[in-house]
Amino acid sequence: METKKEYKYIGKSITRKDSIEKVTGAAVFTHDLAVQGMLYGKTVKSPHAYARIKNVDISEAERVPGVRAIVTGKELPYKVGLYMIDKDILARDFVRYQGEPVAAVAADTELSADIACDKIKVDYEVLKPVLDPREAVKPDAPLVHPDLENYDYMKGVFLPLPKTNIPHLQKVRKGNIEEGFKEANVIVENTFYNPPVQHVCMETHVSIAQALPGNKVLIWSSAQSPYTLRNLFSVCFSIPHENIRVRVPYVGGGFGGKAGIHLEPLAYVLSKKAGGRPVKLCMTREEEFNTMPSRQGLYSEFKTGVAKNGKITALEVNYYWDAGAYADYGVNIGRAAAFAGAGPYEVPNCKIDSYIVYTNKVFGTAYRGFGHLEVLWGIERNMDIVARKIEMDPVEFRRKNVLMPGSITITGEKIEEHTGRVDKCLEAVVKEIGWKGYKSEEERKKELSTGKVRGKGIALLHKAPAMPTFTSSSAIIKFNENGSVDILTSITDYGQGTYTALAQAAAEILSIPIEKVNIPWDSDTSFTTYDWQTVASRGTFMGCNAVIAAAKDCLKQIKDIASQVLRCPPEELVCENEKIYVSHRPDNFLKYTDVVNGYTYPNGNSIGGPVIGRGKYIAQGLTNPDLHTGQGLPALDWTYGAHAVELEVDTETGEIEILKIASAFDVGNILNEGQIHSQIIGGVVQGLGSALIEEFKFDEKGKFLNPTFVDYKILTAKDIPKETSRHLVLTPQIDGPFGSRGVAEHPMISVPGAVGNALYDALGIDFFRFPLTSEWVYCGIKSGKKEYYD
């Protein structure tokens, strides 16, 4: 770790604010809530990936005791969505993926609701699904959404192509791609793939909604973004914002899967039909897999031109995103990933086409990394392969091409001294892993004879927050009688530790003990302040800036009151250790408690009043990149990083053991060192899950084959690598809080690429898809091929 400026609270490993409540079970989640008169909702789901709904018969279900409401898609002429408003509350006319809800029941008990669902009869005309995004883009492909041109969407940002399966095509153009390939001495082409996966939050999706008199609505939800949820709900039902109250208690994990809007509209229409009784919809684990959104799959096609000296001259990439049946969030994933689609490298001539494609699979949404893990799998595997084609060490090849101060990104942004240093991240992990280059064929053959082989691999990464240009955060700090403070914010802390960082920022600026900083855990659109969404590694960056502004506003008010009492200009006062004193007379002071609720003179006269600070922060200087060239400024800030992996492969089973992983990130400055290390370890293990075992599987009819933990595994604490090391580079971000930048998503990005590169070092085989399961690796070994696709 590099040297950092010393603060009282910033940079320290302060214990998380939610630790006691969570380990003692005192924290209350939406799953725990039971509201008076509450009904339980259940859904009937399609067994087909693509079919026309001919009829829905609810007559038998209506006779089940305890049933209070049944709704079908025909009754619900509404659509929901964030960027692309393309999703029905319940399927209408067509089902577009196996597992899509077609009817819903609200009953007195879960058992009654389940029985009623079993008695609903749906008559389908089964249609042939389209399952491969590369096939779905062809002109003769069946249309998943024939009415695409009639959907509303965010104009000027997205570009749906009518009469196709493409709700958005993001283009990036820099330089002259034809000339770039003419300058190349070597041209290399590769194709890579990664499948959809699940978020697997500990708390599944759950919402309670109540239709109230006067066209009002009350919602409790396990959601990442209460204000965005309220806004999308308002647009869907044309209900005024002030009539919708959204409450978000503790949330048991999100990873992007709880951003936007999900179960709330369905719970509301059931409540409305049930006469206003609250309705709770809670997903089972199987429904979490088979009905709720996932991470998108991706095919990546690379064509790379490189000169003899190792400089990249041209890069052409086609990304085909498997958006699934709906693309309300998926369109922005393909868009944001395209802007980072050349990796942290300077490419003079670049052409990227990022196709977001409808298919008849469970639909995709935000997932930790927001498309960057997916694209950087291909980017970093491609970098290694290209380096070998020109007989250059892959680390040296990266050194020659990484973005440096003065470089121009593929969207036209100039990298400044304060942007961050990916080269320093690279050097940190290269040193830590002991990189000496790939093994020779002789060394590899000798090791293979033992049945256990080892390899090392490197991968770089970068990511900026993917968000609209108008994204903003706000905060209120209010003082209590004893000089403690409450911070009101609608950023959702669902496990990432944001509230602890906000508390540190407030304590540092106000110069009060951190124990006196309280953040109420419930976000409530009727009381807590506006925040766009808790996504994109922007929460701490923007939220802390808002809290800092609110704390400074508090200090200004304190000084204004104290200046009258101490009879000196406010600018000559110092606020420190819960006191206000004259700068050149420290003994002439007031305590915070003397002024934060108004100061009272000995004769009873009072001045001032409650100190309540207001702070806000909005993304500065962003532009909407050109739809046809991608040129513009889409990035608030960039976080760079690198991973280096050492692994061992059992050649008799194909099993991979991760022996060591070294990670480095340019975090700008450290807010909470302990939490950074926790995020890195958690992110690395999550990235290893993607790299080694996690994968959705579908049959040829589009049926989801592994929607439970019986057949879909995730890594556990037992799978943490034997050795991990974490390195923090500090290039202060000028507009970041205390110089920091986000690092929540980044630790899982490029982990698969590092593993894939290390696997080549061990076996001499290039794999082009993950997960790199033991079966897949075993088949690759037995194939005898140097490039394994099948």
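Residues are termed buried at under 20% relative accessible area, exposed at over 50% and partly exposed in between (1.4 Å probe, protein chains only). The model is predicted, so that local features require pLDDT of at least 70 and side-chain atom pairs pLDDT 80 or more, whereas totals for chains, interfaces and linings use all residues. Numbering runs from 1 along each chain as its sequence is written, and side-chain values use heavy atoms, without hydrogens and water.

By the burial criterion, Tyr250 is buried, with a relative accessible area of 10%, and Trp521 is likewise buried at 9%. Aromatic rings of Phe, Tyr and Trp (its six-membered ring) are paired if their centres lie within 6.5 Å, and planes under 30 degrees apart are called stacked, over 60 edge-to-face and the rest tilted. The structure holds 39 such pairs. In one of them, Tyr250 and Trp521 are stacked, at 5.1 Å centre to centre with 10° between the planes. A separate list of residues, Phe192, Phe302, Tyr319, Trp321, Trp377, Phe768, Phe770 and Tyr789, forms one aromatic cluster.

Nonpolar cores were defined as sets of buried Ala, Val, Leu, Ile, Met, Phe, Trp, Tyr and Cys residues joined through side-chain atoms within 4.5 Å. The largest comprises 185 residues, and Leu647 and Val755 have the most contacts inside it. Apart from this core lies another, of 52 residues, including Val485, Tyr499, Leu502 and Ile548. With contact taken as heavy atoms within 4.5 Å, Val755 touches Val645, Leu647, Ile658, Leu688, Ala691, Leu692 and Leu772, residues up to four places away in sequence not being counted.
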